[in-house]
Amino acid sequence: ANDCGALKAAHAGISLSETEASVASPFTSKTPNITCVPLLIKEGRDALVTSFSVFKFMALYSLIEFSSVAILYAIESNFGSQEYLYVDFVIILAIAFVMGLTGPYPHLVKRRPIGTLAGIHVIVSVITQAALMLAMQLGIFFYVQTQHWFKPLQPKVKSENIVCWENTALFTLSIYQYIALAIAFSTSAPYRKPLFTNYWFMLTLAILIPANLYITLAPQNWVPEFWSFMQVKPSPSLMFRITIVELAVVHFLIAYLLEGYILPSSCMHKFLRIVRCKRKPHNRYKHILNEVSEDTTWPPVLPFSSPAIIN
């Protein structure tokens, strides 16, 4: 516990005293026993899962913004500066600050979390969520064009061509997609506490969701200056605005089921093992463990001899 060489060689060395060994150790325990080891494992797993969740959220955030802008480029339109500011500064910055504040799960489980960003589980998660997000955006993009009040954008030369129905539909849907993925990636058991224990995250959601609902559902005659500032053109149909909210709820439910139940399931885990053709472990200690378990002569057992009877 206080061997400097062993502390440096260990994956996570813990010094049980504040002597010179604490300098070589990544962690120092104020309690002079090994009761701190389970706590360190729980905190480490929580930190690992949180970092992966934030990575996937930031990756999908970029893909959401890229795909929506790419769709608008097809009709020679784009998001306005205020729309970019609302997404990047208000939604993403707030979520990025509070997303990683969820504490570790109080109980340890045998199964370890994923240990590499290049693993097939992370790649499949990002690809499936990206496909779901793109399908929702294309759906609302074509659905708005079927409305009787819809008028296609007539691009003007030397103009940004921001205010249009397609822009409003994609923007109002995408602001929910960021929140949906942030919640979906904030999975709880078996490595993190439930999401409602992260009070700062819940407070952020309590502010962002009503703000998004106002942008989506409020009619055009409510504070007209706000719409001109945001460069958003509210839909004249209340049912269409409600449809956007319903589509956002459907997206959230599917994304949450994927991240919380389908992808982490044992069946999916076995399927991915077959896909990547993993038959033997890569870790050296696992090879040794397999060799020991298959060796019938290990551990060596001395022949039993009855003790001598002393009269």
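Start by selecting helix H5 (residues 120–144) and helix H9 (residues 238–262), which pack at an angle of about 165° with their axes 11 Å apart. H5 and H9 are therefore roughly antiparallel to each other, a label for angles over 145 degrees. Angles run from 0 to 180 degrees between N-to-C directions, and axes are lines fitted to C-alpha atoms, for helices over the stretch in contact. The helix numbers count DSSP runs from the N terminus (H or I, at least four residues). H5 passes H9 in a right-handed crossing, meaning that the near helix is turned clockwise from the far one by less than a right angle.

Now show the side chains where the two meet. On H5, the contact includes Ser125, Gln129, Leu132 and Met133; on H9, Phe240, Thr243, Ile244 and Leu247 are among the residues taking part. Contact here means heavy atoms within 4.5 Å. Sorted by class, this H5–H9 contact has 13 nonpolar, four polar and one charged residues. (Ala, Val, Leu, Ile, Met, Phe, Trp, Tyr, Cys and Pro count as nonpolar, Asp, Glu, Lys and Arg as charged, and the others, Gly among them, as polar.)

A word on what you're looking at: this is a predicted model, where local features need pLDDT of at least 70 and side-chain atom pairs count only at pLDDT 80 or more, while totals for chains, interfaces and linings use all residues. Residues are numbered from 1 along each chain as its sequence is written, and side-chain values use heavy atoms, with hydrogens and water left out.

Stay on H9 for a moment. Its 25 residues reach 35 Å from first C-alpha to last, close to the 36 Å expected at 1.5 Å a residue. That expected span is 1.5 Å times one less than the number of residues. Which residues of H9 are buried? Color Phe240, Arg241, Ile244, Val245, Ala248, His251, Ala255, Leu258 and Glu259. Buried means under 20% relative accessible area, exposed over 50%, and partly exposed in between (1.4 Å probe, protein chains only). The cover over these buried residues includes helix H3 (36–73), H5, helix H6 (165–185) and helix H7 (199–217).

Among the residues in contact are Gln137 and Phe141 of H5, with Trp165 and Glu166 of H6. By class, the H5–H6 contact has 11 nonpolar, five polar and one charged residues.

Ser53 is buried, with a relative accessible area of 4%. Leaving out residues up to four places away in sequence, Ser53 touches Met99, Phe185 and Arg192. Leu39 is also found in H3, but Leu39 is partly exposed at 46%. In the loop between H6 and H7, find Pro190; the peptide bond from Ala189 to Pro190 is cis, with omega near 10°. Then jump to Glu76, in the loop between H3 and helix H4 (81–98). Phi of Glu76 is near 65°, a positive value in a residue other than glycine, and Glu76 is exposed, with a relative accessible area of 54%.

Notes:
Helix = DSSP H or I, 4+ residues; strand = E, 2+ residues; numbered from the N terminus. Parallel < 35°, antiparallel > 145°, perpendicular 65-115°, else oblique.
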